[in-house]
Amino acid sequence: MLGNLKPQAVDKILMLMGEFRADPRRDKIDLGVGVYRNAQGVTPIMRAVHAAEERLLQTETTKTYTALTGEPGFNAAMAELVLGQGYPADRLASVATPGGTGACRQAFELIRMASPDATIWVSDPTWPNHLSILRHLGMKVALYRYFDTETRGVDFAGMTEDLAAAQAGDVVLLHGCCHNPTGANLNLDQWERIADLLQRTGATPMIDIAYQGFGDGLEEDAAGVRLLAQRLPEMLIAASCSKNFGIYRERTGVLMALSDPAHREVTQGNLNYLNRQNYSFPPDHGARIVMTILNDPALRADWQAELEEVRLGMLALRQQLAEELRRLSGSDRFGFIAQHRGMFSRLGATPEQVEKMKKDHAIYMVGDSRINVAGLNESTVPVLARAMIEAGL
Ligand code: PMP
């Protein structure tokens, strides 16, 4: 039986990680995988996470099963974090999931149950796993234009032109903030116009928010999601705690569904059903860490302060890189790097240029020229800038 299986393509980013590890050059720079690293190249455990784990060790008395929804206190705390205080609880169904990936997967399956012929509109480009999971589930996908290769900003005219063809029963997948892989984001006025468009077409938005707090701040990064939640009758939200709490391996995320209050209970039942079919009870440890932090004013303040340091650190690296490139090129054409937000920027290099930077300078980035800004530090920024200019960017 197992002899019938066909080999699967290896994930390109994981392949790049392997190549990086095998490179003997001591000054190699890894801008590939999407994990936050500090100036020492370490992915730290956040102070508040440590404190919450210590508290759990002291106070947790059982490891018996939680509910199919996950710990309700976690779901409520996440609803408040993403949707803000006073979120519409009467419209909200939610389940804890294994990470943001689990939330996306459950969202897609819920869509397939509710609207079997739905087309899922996905930004071109998007996080490759969106496409891969949708393909695995056999769902229909359409791409909408998103990235302007000239300005390296959002091609908003192209985006709205393409999305005008979305129909009721379709789903438009949007990144809540810190777009992966481009770093180019919608401004509030554009979110407003996307809400108009969704109202006009009747398509349902699905927001993937995996980097809240990495862009312009916790509240600012959620502004687009909150705007759509207010204006539209239905919406799906897949939120990840991997990055902003630094708990990648704990697999912590949540899927929220906003609907008419009359449909809330059945929606909740379907979310529970999907958890039961796929893995039964969702992981609890990370969710409990997040709930402990968000519900304790001192821990929450400390977490926010550390998250803000992380955010400002990445912003400073962006500014340093844009400035260094301005100096070396004598032009402002790299200003977009300081405009982008989040962990990633798509530089707009050709595959040959990406290859050259790897060969000549041991700088590793994804083939589409996505860099992880957090892979840099003050002393490697000038190295990257020089390599980019030498490669002819
Ligand atoms: N969505 C996007 C856009 C992402 O970049 C990621 C992380 N790479 C995720 C979802 C999911 O992350 P996780 O499953 O680790 O929480």
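This is a predicted model: local features need pLDDT of at least 70, side-chain atom pairs count only at pLDDT 80 or more; totals for chains, interfaces and linings use all residues.
Modeller: In it, 25 residues of domain 1 are in contact with 27 residues of domain 2.

Colleague: Which element gives the largest share of the side of domain 1 that touches domain 2?

Modeller: Several elements take part. α12 (297-329), α13 (336-339) and β9 (344-346) each supply at least two residues of that side. Seven residues make up the largest share, and they come from α12.

Colleague: How do the residues of the side of domain 1 that touches domain 2 divide?

Modeller: That side has 25 residues in contact with domain 2. They divide into eight polar, six charged and eleven nonpolar.

Colleague: What distance separates the centres of domain 1 and domain 2?

Modeller: Start with the bounds. The domain assignment gives 10-44 + 299-390 for domain 1 and 65-295 for domain 2. Taken over C-alpha atoms, their centres are separated by 26 Å.

Colleague: Now the helices. How are α4 and α5 oriented to each other?

Modeller: Take the axes of α4 (residues 99-114) and α5 (residues 128-136). They come within 10 Å and cross at roughly 40°. Angles under 35 degrees would count as roughly parallel, and 65 to 115 as roughly perpendicular. The two helices are therefore oblique.

Colleague: Is the crossing of α4 and α5 left-handed or right-handed?

Modeller: The angle of roughly 40° comes with a hand too. For α4 and α5, the crossing is right-handed.

Colleague: Which residues of α5 make the contact with α4?

Modeller: Both helices contribute. From α4 come T101, C104, R105 and F108. Across the two helices, the contact residues divide into four nonpolar, three polar and one charged. The α5 residues are N129, H130, I133 and L134.

Notes. Residues are numbered from 1 along each chain as its sequence is written. Axes are lines fitted to C-alpha atoms, for helices over the stretch in contact, and angles run from 0 to 180 degrees between N-to-C directions. Helices (H or I, at least four residues) and strands (E, at least two) are DSSP runs, numbered from the N terminus. Angles under 35 degrees count as roughly parallel, over 145 as roughly antiparallel, 65 to 115 as roughly perpendicular and the rest as oblique. A crossing is left-handed if the near helix is turned anticlockwise from the far one by less than a right angle, and right-handed if clockwise. Two residues are in contact if their C-beta atoms, placed from the backbone, lie within 7 Å. Ala, Val, Leu, Ile, Met, Phe, Trp, Tyr, Cys and Pro count as nonpolar, Asp, Glu, Lys and Arg as charged, and the others, Gly among them, as polar. Domain bounds come from an automatic or database domain assignment.
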